[in-house]
Each structure stands twice: as C-alpha cells, then as structure tokens.
Amino acid sequence: MPKKATLAPIAAAPVVTSGLPPVWQPDLGDGTYQNPVLNADYSDPDVVRVGNDYYLTASSFSSLPGLPILHSKDLVNWELLGNALPELPAAFRLPQPGNGVWAPALRYHNQQFYLYFPDPDRGIYVTRARNPAGPWDKPTLIKEAKGWIDPCPLWDDDGRAYLVHAFAGSRAGIKSVLAVSPMTPDGLHLFGDDALVFDGHAEHPTIEGPKLYKRHGYYYIFAPAGGVPTGWQTVLRAKTVFGPYEARIVMDQGKTAINGPHQGAWVDTPDGQENWFLHFQDRGPYGRVVHLQPMVWQNDWPVIGTDPDGDGRGQPVLRYRKPRVPGPPVALAAPPTSDEFEGVALGPQWQWPANPQAGWAMPNGPQGYLRLYAQTLPADFKNYGLVPSRLLQKLPAETFTATAKLTFVPRAEGEQVGLIMDGLDYAYLSVSSNKGRWSFALATCRNTDQLTLETSTVPVRISAPASGLVYLRVAVRAGARCRFSYSLDGENFEEIGEAFSAREGRWIGAKMGLFCSRVGRTNDAGYADVDWWHVTQLLE
C-alpha cells in the first residue's frame, strides 16, 4: 500500500463552475454515506492513496479530454481536478465509440504519479506527473500490442517492477487469461517474456481488469470476472509474482440489488487500520457508477462488503459508516455538473467524442458565456453519432433537470442549436432558423451505430425573438425517461414530443450536452452563446 508522502499544493482548475448544489450527495452528514459515492459514469475506477489524499481515475474511451483525475480526503466526497489526457492519436479526429482508453491504473512511485492505460488497438501507454492536477507528460507507448488491455504495475520490495494485464478477445483472439511482464524500474519499458499467470476459463470466465498488490509476503491480483452486468470480484494470491495463483471469489451480488459488483481498487486509511474497496456497478444508461465497500482481511484473504453468512464471500452495502480518516471534517463535494461559463477554459466535466478542434467552442469568461460555432455537417450525414463537435457530460443522478440558457445568432438558413441526450439511441431538442423564423422540433435516432436516419416531430414555428434568447431543457425521471421543453422567458416551458428513454453508448453511459451545426458552408458561421448550464433537482 502507498507510503506517506508530501505533495506540492494541488493546483486549482482554471475554471469557474456553478455554486448550485449537486443533485446527488453520498455523504449523509451523520457519519454515514450512501452508495454510489460517484453516481456517474466513472467506469473501471482505480484509486491510490498518497499520504492523507486519495486520487481516482477511470476509463474514458474516445471521450476527450480523457483520463479524469479526482481527489478525495475520505473516499466519499470527490472533486474533479481535471483530465490527464488532452487528445488521442490523429485517427481519433472522428468518434470511435468503444475504442481509445480502456481500464487504466494509477500509482505513486518515486515521488511521482504513474498512469498506465491501454488502447486495445495500439498497446500500453504510460504518462507521469509530479502533481495529479497536471501537467501530465505526453504518453509513452511502452508496449506495442494488439489486444493487450487493463495494465497495472507493481514495484516490488527488491526494486524490481512488473506489469500485469489482460487480453481483449476482439483484438487478441484470446480472453479470460492474465499475464505478467517484467518492467524496468523506471516504469517505462517492458522486457523479457510475457508470462501467463492465470487462466479463468473454467471458473472465472472473462477475467480482466487486474490490479496487482503485495501484502505480508503474498502477491495479490484483484480481478473482476463473470462479465460486466452479472459478474463478481475475484482475488488471486501467490508467493511469487509469476504464480502459481490460487483464486477465491471475495464479493458478489449476494442478496442485494447491486448487480455485477467488481473491478476497482483496494486502498487503506492513512493509519493502516481500515481497508476499503471501490468498484463499479453497470446501470445501463446511467453508466458504470462507483461504490465504496468496507473490506477486511481474514487469513490473508480479503472479504469485501458485508458477509452475513460468514463464508468469506462478501456482498455490497448501500449505506455504511464513513472511513475514519485524520483531520477536520471533510467538506461536502461532488464533481461539477452545472457551469456558469465564467472561466477562460471549459470546465473539466465537459468532453468531446473525438479529438477537439479549434473553433468548436470558445470560452469567453470575462463576458460570462461559451460560444459554440455552427459546425458544418458532412455531406453524407446520417445522424449525429459520428459528428465530433458535440459538447457532452455524464449523467449525474437517476433524476434531475438540465437547462441551458443561450442566445442563438444564426447567419444562414438551416443552422441550429440543440440540447441532446446522447447514446446508441439519442434525442435532441433543437431550434433552427428558416426565413427569419425559428423552428423547434424533437429529433430522435435509434441504433446510431448502424447509421440509421433521424425522425423528427412536426416543427413548432415562431417569429425569431429580437434578443435571440432561448432556454432548452431536459427533465430526466427514473429509468432515464426524458422529456424535452423550451422557453423564451425562463419561466414558462413548452414540452415537445413524447418521452424518450435514454440508452447507453458503447461501453459508456448516456451523455447530455449541446451542439451547434449547419448544412453547407459559407465563410462565416452562426453561433450560440451559452450563458449557463444548470443541473438541478427534478422540476415537476
């Protein structure tokens, strides 16, 4: 486990976000917490403790910037520091749903942070930073390999280093096995043979996402198995890093409603007296949300969650006492969702589905808005699934309302601005310009990955307001049922279309956000100036 260390002060993110309260609060204020501690799509989480501070990262696939970095003092209240990966290779100029950054591993060694991540089509990368808020080095490809995924390093007591990883069957042609490679002590090169250390086909199919630790002379590999929606947490242990390993299931769903509880990280408290485990639960359109579980050691095996029947196989908790950590009470915190756009950079919660390009969005902090320029749609446009200029963020709770206040300034016929609920199915409410009038419509698209065409409601046409001011809103109810509405005064909202059921994307949850687009191209573009984006408790 991490040793105590002293870090430089954490740099503040160069943005100003809204003071609106979060729509989900895991800290119940009475010494207990409720799961999930991160009620958003931070899939494949890994966590490391450095001194009294905890840092978390997660997979980001082709969303950019990627590799989020979160910070907490108590494992319950988390703030989003930023993102470690500004862009992917040039091939990600257009969206590649499901590709890009798969399960990463975050470690602290030799007074710096190491962040390992896989691209299943390219290999294993590492980036380093002295400060977790950045800047992070340009990623180094330490192993060119197709199908190597989910890397995790271990620096051993004797100075040697190793890297464990899994295989993606879709690329490597093999799966359900784990391997370990020797690594140079600087963490930047692999050498020697890649050794097979565990085959899970018989009892732990689809074993992947390994995390490598050492405790009391044992090497441990924590690894999920059984598949994302229905799997369990497996732990392997051996006296040597190359095995042979014995296996045990240490947590599964049990009698709870928390499906597929697995894939995460073991951490302890600064005094070493308590052990905790963070993992994800797949909630479909809401993504892979993060839970915190108590963990104990029994006969050098971990038991995660509670174990009511005493068989050594734990089950998840929904409510539990908070970790006992040093220092004053920790202030309530949650990753940002609302945004006043008063900074000179986008808030860290916003992502694009491909490498961002200049001119898509221009913050104007001193004037308090974000300008979205209308981007030209491709001539063969089918749907927005492969349009890169969508500004998106994760869903933050089961129920909430998201509202954008913006000024629409079209310069050509057919330009439009929209609020979208994005995924393999999507829906968006848009306002478009046509001969001096505005048209409001709700468009939907099913199975976007199959390049299906959109359908749309009959437009509601009005005279374009001189101010160009409009409010767009989506209300999300239980089951990710969405209703869209618009307003010209911010008080009276008109619903358009029927309820839409949000759907997850490729390995990610649904996302919501804004876009501004046009057909054809001129030497100037219309735009939408977004005054604010507010995420609030569901308004009935």
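Let's start with a cluster of rings: Tyr 213, Tyr 218, Tyr 220, Phe 222, Trp 266, Phe 277 and Trp 297 are linked by ring pairs. Rings of Phe, Tyr and Trp (for Trp, its six-membered ring) pair if their centres lie within 6.5 Å; planes under 30 degrees apart count as stacked, over 60 as edge-to-face, and the rest as tilted.

A word on the model, which is predicted: local features need pLDDT of at least 70, side-chain atom pairs count only at pLDDT 80 or more, and totals for chains, interfaces and linings use all residues. Residues are numbered from 1 along each chain as its sequence is written, and side-chain values use heavy atoms, with hydrogens and water left out.

So, how many aromatic pairs does a search of the whole structure find? The search finds 31. Take Trp 148 and Phe 167: their ring centres are 6.3 Å apart and their planes stand at 80°, so this pair is edge-to-face. Trp 148 belongs to strand E10 (residues 148-155) and Phe 167 to strand E11 (residues 161-167), so the pair ties together parts 19 residues apart in sequence. Strands, by the way, are DSSP runs of E with at least two residues, numbered from the N terminus. Are Trp 148 and Phe 167 buried or exposed? Both are buried, where buried means under 20% relative accessible area, exposed over 50%, and partly exposed in between, with a 1.4 Å probe and protein chains only.

Next, please find Tyr 384 and Tyr 426, an edge-to-face pair with 6.3 Å centre to centre and 75° between the planes. Tyr 384 lies in the loop between strand E25 (375-376) and strand E26 (391-394), while Tyr 426 is in strand E29 (residues 426-434), so the pair ties together parts that are 42 residues apart in sequence. Tyr 384 counts as buried at 1% relative accessibility, and Tyr 426 is buried too, at 0%.

Rings also meet charges here. Arg 371 lies over the face of Tyr 527, 3.7 Å from the ring centre. Over the ring of Tyr 42 sits the charged end of Lys 394, at 4.7 Å from its centre. To count, NZ of Lys or CZ of Arg must be within 6 Å of the ring centre and within 35 degrees of the ring normal.

Last, a sheet. Which strands form the open sheet, and in what order? Four strands do, in the order E2-E3-E4-E5, with antiparallel pairing; two strands pair if DSSP finds at least two bridges between them. At the edges are strand E2 (46-50) and strand E5 (78-85), each pairing on one side only. E2 and strand E3 (residues 53-57) pair over five bridges, and Arg 49 has Tyr 54 in E3 as its bridge partner.
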